[in-house]
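Okay, thanks for coming, everyone.

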Amino acid sequence: MEITFRSLWTLVHGMGFGALYLMACSGALVELYRRYSPDAKAIEVADERFLGRYLIVMAVLAWLTVLTGTYIIYPWYRAVPPPGTVDLTAFPQRLLLSDPATSSWHSIGMEWKEHVAWIVPIATTMAAVIFARRIRLCLDLASMCSDRRILRRHDQQARTRRR
Amino acid sequence: MTNTRSSTTVNVPDYPNGSGAAAMLAAGIGSFLVALFALIADKSPAVKSLMIFYRPTGPLSGVTTCAIVAWLLVWFILDRRWSGKTVAVGRLRTAAFALLILAVLLTFPPIADLF
């Protein structure tokens, strides 16, 4: 089984970073349900920290996906064939546009994808930063509340760090 | 993080929501700017050529770079203004979502071609 250099990067972009991000979205949805369903239990500090790191990883995956797509894959996609080129298989954009039956894959598919994808890292970064700040606030809040379980766990973690 | 059921009444202080609101609104604005810059570059050949920051990628490189820089700048400014304050987060959240939806619609070629 042979993979070309361009196929490898396309796999890294789509099946690596992109697919990992999409799977992480499923985990995030499950976590939202776990936290906010009517019979949700109280959240532990360790859960908060895990979700904070989870969102940061999601943001990193989103950025890697759009950056590899825009600066590595996309130039290959939109490459202009030399004049007189008959075989357009190495020039995907021109290949799609050469046939009315496939032109919509470019004019709607790729033209939309190359812009709308950039919304994802913006939104995910926003969520990760808001949540990271929320964790800090929650720890401050826990120290002011009479929630003994949260305080006890926070104290245990602080003692572990000091050792 | 929710408090467990406690027999004592606790006065939980109101924490300012300004930073969170700034992040949300800035993300909405940033998303909208991606769509707006893409639309402008598509309609104006002069802007399109100005947006070619990296030639192999073409105008997409400039459109996205400008939108990201503008997003970060707006976020910085809003965070400086609202950090430590409590703002009307409901209205700002609605505005952020509206901008996000507009961004998704404006990047859709059949809708972008209407302009």
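Let's start with a question: which are the buried residues of α3(B)? Keep in mind as you look that this is a predicted model. Here's the list: B:L60, B:G62, B:V63, B:T64, B:A67, B:W71, B:W75, B:L78 and B:W82.

Helix α3 of chain B covers residues 59-82, so to speak a run of 24 residues. From its first C-alpha to its last you get 34 Å, and that's close to the 34 Å expected at 1.5 Å a residue.

Now step back to chain B as a whole. You'll count five helices and zero strands, and along the sequence the pattern reads α-α-α-α-α. The chain has 115 residues, of which 35% count as buried. And if you take the contacts in chain B with a separation of 6 or more, 78% of them come from residues 24 or more positions apart.

Next up is helix α1 of chain B, residues 18-43. How many of its residues are buried? The count is 21 of 26, so I'd call α1(B) mostly covered, going by the cut-off of 20 or more other C-beta atoms within 10 Å. End to end, C-alpha to C-alpha, α1(B) reaches 37 Å, close to the 38 Å expected at 1.5 Å a residue.

So what does α1(B) pack against? Two partners to show you.

Sorted by class, the contact between α1(B) and α3(B) has 21 nonpolar, four polar and one charged residues.

The other pairing is with helix α4 of chain B, residues 89-107. Here the packing angle is about 20°, and the axes are 8 Å apart. Under 35 degrees counts as roughly parallel, so α1(B) and α4(B) are roughly parallel to each other. This time α1(B) passes its partner, α4(B), in a left-handed crossing. Which residues in α1(B) meet α4(B)? On the α1(B) side they include B:A21, B:M24, B:L25, B:G28, B:F32 and B:L39. Across from them, the α4(B) residues include B:V89, B:L92, B:R93, B:F97, B:L100 and B:L106. By class, that contact has 20 nonpolar, three polar and one charged residues.

Let me zoom in on one of those, B:L39, which lies in helix α1 of chain B. Is B:L39 buried or partly exposed? It's partly exposed, because it has 19 other C-beta atoms within 10 Å, and buried takes 20 or more. What does B:L39 touch, leaving out residues up to four places away in sequence? That would be B:L106, B:A112 and B:F115. Looking back along the chain, B:L39 and B:A23 are 16 residues apart in sequence, and their C-alpha atoms are 24 Å apart in space.

Okay, over to chain A. This one has six helices and zero strands, and from the N terminus on the elements run α-α-α-α-α-α. Of its 163 residues, 21% count as buried. For contacts in chain A with a separation of 6 or more, residues 24 or more positions apart account for 68%.

One helix pair here: α1 of chain A, residues 5-36, and α2 of chain A, residues 45-77. Their axes come within 9 Å and cross at roughly 150°. That makes α1(A) and α2(A) roughly antiparallel to each other, and their crossing is left-handed. By class, the contact of α1(A) with α2(A) has 16 nonpolar, seven polar and two charged residues.

Last stop is A:R136, found in helix α5 of chain A, residues 119-144. Is A:R136 buried or exposed? It's exposed, because A:R136 has 10 other C-beta atoms within 10 Å, and 12 or fewer is the cut-off for exposed. The C-alpha atoms of A:R136 and A:A59, 77 residues apart along the chain, are separated by 19 Å.

That's my tour, so let's talk.

Note on methods: Residues are numbered from 1 along each chain as its sequence is written. Chains are lettered from A and ligands numbered from 1 in the order in which they are written. This is a predicted model: local features need pLDDT of at least 70, side-chain atom pairs count only at pLDDT 80 or more; totals for chains, interfaces and linings use all residues. Axes are lines fitted to C-alpha atoms, for helices over the stretch in contact, and angles run from 0 to 180 degrees between N-to-C directions. Helices (H or I, at least four residues) and strands (E, at least two) are DSSP runs, numbered from the N terminus. Angles under 35 degrees count as roughly parallel, over 145 as roughly antiparallel, 65 to 115 as roughly perpendicular and the rest as oblique. A crossing is left-handed if the near helix is turned anticlockwise from the far one by less than a right angle, and right-handed if clockwise. Two residues are in contact if their C-beta atoms, placed from the backbone, lie within 7 Å. Ala, Val, Leu, Ile, Met, Phe, Trp, Tyr, Cys and Pro count as nonpolar, Asp, Glu, Lys and Arg as charged, and the others, Gly among them, as polar. The expected span of a helix is 1.5 Å times one less than its number of residues.
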